[in-house]
Every structure is written in structure tokens, then in C-alpha cells.
Amino acid sequence: MQTKKKESSLTEFIDDFVNRFATEITIDRTLLVEHSGRVFLLTENLKKYASKGFYYAGTYLGKIKSGRFFPSFNLLNMITEKKGNSIVVNKKTAWLFVCGRDVFKKGIIKVSGSPRKGDYVLVLNTYDECLGFGRFLNDLEGKKRNVVAENLLDIGDFLRRERRSRN
Amino acid sequence: MSSRDFFISRYEELGWKYHNIMLEQAIRINTMNIEATDIVERLKSIGITIKKVPFLNQGYWASSPKFSVGATSEYLLGLYSIQEAAAQMPVTLFTHLEDKMVLDACAAPGGKTVQMADSMHDTGVIIALDLKKERLVALANHLERCHISNTIVHHIDARHAARLGIKFDRILLDMPCSGNFATDKNWFKQRTLKDVERNAALQREILTETLKTLAGDGEIVYSTCSLEPEEDELNIDWAIGSLNLEVQTINCYGQRGLTNVFGKRLDSSLEKCRRIWPEQTQGFFVCKLKRRKAA
């Protein structure tokens, strides 16, 4: 799903991902920590106490697995604040997206930024809250039923994780 | 005598007549992420019936005949958490949480951890511990969903908290306990007095060990969702005598703690605790403790 890299600093993983939304975020690399493939952003305050090994700390940004970066919803929210490429979808489409479906042209209310085919786009509801992200297929000129953004991650994932942990 | 009859007769001896209850689902607004008035309107607009819990600031009873309150976009966005009404009380009893160093000793699945972070406006530091790794997954998901950034989670037994070498201003001891029949329909079938006594002993160990990490003027909030006095008043009575702790006055929903349990006279300050028999909420017990000041 995400940029494949064998060896790279944590910030490069994150920067590469964020750049695909045509924006940038500034992260103090001295506050980034990787633990079991999961990347966390600490604060100066937390850093003093996070030195003895931990399970989770500060803001979880995502995980690196087999050289790929999988973002967290915290990171997607940070990209939302930085006005990364996004689409605002109507209520029905928002719910279908949360259920794992792709975004169809007829469900889009607004496109912000200038996403190109293959770029990532944040999928926002009408409150400008980030529901996840997808791959932009640039089919705005096509038929109403055409897929405009392919679902790559949505907040319904929290429920799917719960279900997986129960099984 | 069946286990059910045994426990019910104990409750009657303690002053409460058993009757079955139907719990309403409660939610707590994460005020760091949204204004309460805004989310209440949003939930109403999607067909959720919502009613303020009179004894909680951020708590509401919420229900929908059509879908689960725990599967809305608003829930998944971290705008509210599902948290039983009585379970929302312990965190509200701390004095001033902002910028404090806080220990959540038995944290998973994290409802109260998130509630504390919300009360702290994400300032200070919360160290959250839990013994069971699979429960840490739920805790981590809860923190991510609610956008919490001031918490460090360790896979550590609360009894080993002192190994962290940190002094805490506030300690939440939401103890592993026997639970109560209001939240578990098989409770009477599964519980014995032996379980209760085993849990009470574990709670005393946790209290003893975590107390070593409490800063001089720090506060402990002790809570269980057990109705059994061994895990509640009897443990606190023991702590007053053995750990040099004193019970602080609290102002919250519930009845005064018991000062006479099965004929045993307890310290009179136990009445400052709160015992909540299942009515509007599940069964619960809560109190606030501090080190006794030298005379």
C-alpha cells in the first residue's frame, strides 16, 4: 500500500507518505521513537519517561512492516490540519466509506487541492473530520457511478481490529 | 445454599434488597475533541436517544433501536467513549489533574485512561500499566481513536510499578475485581467467596506496592465494580490501619461506605467512601485516599 523502502530513517518514511497528499508536516526527529516497528511521536515531557521501554507512547504515527509504512489515524489528522489533498463526501458516502467501500463520484461534495491520478487523498465528512484516506483515480469527468477514490484505510478499522482481537 | 442465595443474603445483611436491574448504556463525551452540545445534537440527528446522567458532567445515557452506539462514525472519530455511568466517577474525584504525573495502575481497556487525559487536556503525563498483553491492544486502540498524546503504556504488573522509578502525584487504582451481577448475567453461577477473597488479597498487594510510588501529598483513587465488602470497605479499613492512609471526603453519587460489615465495626472514616448498589448504574465502590499527616 505505501512506499516500499528497505532502509530509511523514520522521518523519510513519514515524509514520503505525507508528500503523497501534496503537503508537508514538520516533525522533530529527536522526538520520534520506533518500537517493534511502530512509530511514536513523543513530547519533551514524555521523552524523560519513555526511556525504559514501553508498549505505546505519545502519538502513534504508524507502523513499518516489511519495508512499508502504514499510517495511523493520528498522522492522517495531522495531514488534515496541513490541508493535504482531500475530498469531502456526503453523509451516505461517508458511512459507506467507513464500512470499507470506495468513493464514487456522485458522493463527492468538494475536492480540495489538486490531486493527480495515483495521489493519496484524505476522505473527509461534512464536518471536515478525517474518515481515512484513499488513492485518487482522477475520474471526476467520468460517469456518476465511477470510483473516484479507492479506499485504503478508514476509521471502521477500529471495529475490525476489535473483531480480530476477539477471534 | 446456592451461590446466588449466599450472595443475595449477604447484600440483605448489608442493607440492600436484591432485585434485577436493566442497565442503560452510557457514553462519555471526549471534550478535548468536541463540545458536548455539538455532539449531543449530532447524535440526536442520527437517531440516538440521549439523556444526561444527572450526577456526571460529561456522561449521557444513549441508545438506538437500529444500531450499536459503539459503531457510529462519531464514536470511531473519538468524539465519545462507551463508559458505564458509575465507572465515570473515579476520575472526577481527583483534585486538579492538569500537568500532573499520573499512574493508571490497571489501565486496560483504557476508558478511564482516556477520561483522565481528557480532564488533563492532554497535559502532564499518564503512565498506564496492565498485566495482560491482549488487553493492551484494546488500550492502544482506545488511545489512538481518541487522539491521546500524553500517555505511556507499559506491559507491567501494577505490583511492580516501583520499578519505573517515578513518583506520582495521582494514582488511579481501578482494581481487578470480582465484578457484579448487573454487568454479568452469569455472575452468581461463576463466583465464590474464595474468588472474592483472592481478589481482595491481590488488591491489597497492588495498593501496598503502588503506594511506594505516591508523591508526598499525592492522591489515590481506589475503585472496584464489586459489591463484596472484602474488596471494598474491609480492604480500605485494612489500609487505614496497615498503610497509614486516610480516607478523604468526596462529593459524588452513591451511599456512604459501610462502617459495620457482618458485625465487624470498621473505622468511622469509611463512611466517606461511596458504595453504589445497582439501580441506575452497575454496582460500584470508590474512595479517595491520602497519606495520613503526622500529628
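Okay, let's start with chain B: buried residues make up 50% of its 295 residues. By buried I mean 20 or more other C-beta atoms within 10 Å of the residue's own; 12 or fewer is exposed, in between is partly exposed, and the C-beta atoms are placed from the backbone.

Quick housekeeping. This is a predicted model, where local features need pLDDT of at least 70, side-chain atom pairs count only at pLDDT 80 or more, and totals for chains, interfaces and linings use all residues. Residues are numbered from 1 along each chain as its sequence is written, with chains lettered from A and ligands numbered from 1 in the order in which they are written.

Back to chain B. For 295 residues, a compact globule would have a radius of gyration near 19 Å, and chain B agrees, with 19 Å. That radius is taken over C-alpha atoms, and the globule rule is 2.2 Å times the number of residues to the power 0.38. The C-alpha trace spans about 55 × 45 × 35 Å along its principal axes. Chain B has nine helices and 15 strands; these are DSSP runs, H or I of at least four residues for helices and E of at least two for strands, numbered from the N terminus.

On to contacts, which mean C-beta atoms, placed from the backbone, within 7 Å. Take the contacts in chain B between residues at least 6 apart in sequence: 73% of them join residues at least 24 apart.

Now domains, with bounds from an automatic or database domain assignment. Chain B splits into domain 1 (24–83) and domain 2 (85–291). Their C-alpha centres are 24 Å apart, and each of the two gives 14 residues to the contact. On the domain 1 side that's six nonpolar, seven polar and one charged. For the classes, Ala, Val, Leu, Ile, Met, Phe, Trp, Tyr, Cys and Pro are nonpolar, Asp, Glu, Lys and Arg are charged, and the others, Gly among them, are polar.

Chain A has domain 1 (10–79) and domain 2 (85–160), with C-alpha centres 24 Å apart. Here seven residues of domain 1 touch nine of domain 2, and the domain 1 side has five nonpolar, one polar and one charged.

So what about the two chains together? In total, 23 residues of chain B are in contact with 29 of chain A. Which element of chain B gives the most to its side? That's α6(B), with nine residues. By class, the chain B side has 14 nonpolar, six polar and three charged residues.

Let's zoom in on that helix. The axes of α5 (residues 157–166) of chain A and α6 (residues 133–145) of chain B come within 11 Å and cross at roughly 175 degrees. That makes the pair roughly antiparallel. Axes are lines fitted to C-alpha atoms, for helices over the stretch in contact, with angles from 0 to 180 degrees between N-to-C directions. Under 35 degrees is roughly parallel, over 145 roughly antiparallel, 65 to 115 roughly perpendicular, and the rest oblique. On the α5(A) side we have A:F158, A:R161 and A:S165, meeting B:E134, B:V137, B:A138, B:N141 and B:R145 of α6(B).

Last stop, A:N125, in the loop between β9 (120–124) and β10 (130–136) of chain A. Buried or exposed? A:N125 is buried, because 21 other C-beta atoms lie within 10 Å. Beyond neighbours within four places in sequence, A:N125 contacts A:V89, A:A94, A:L131 and, across in chain B, B:S73.
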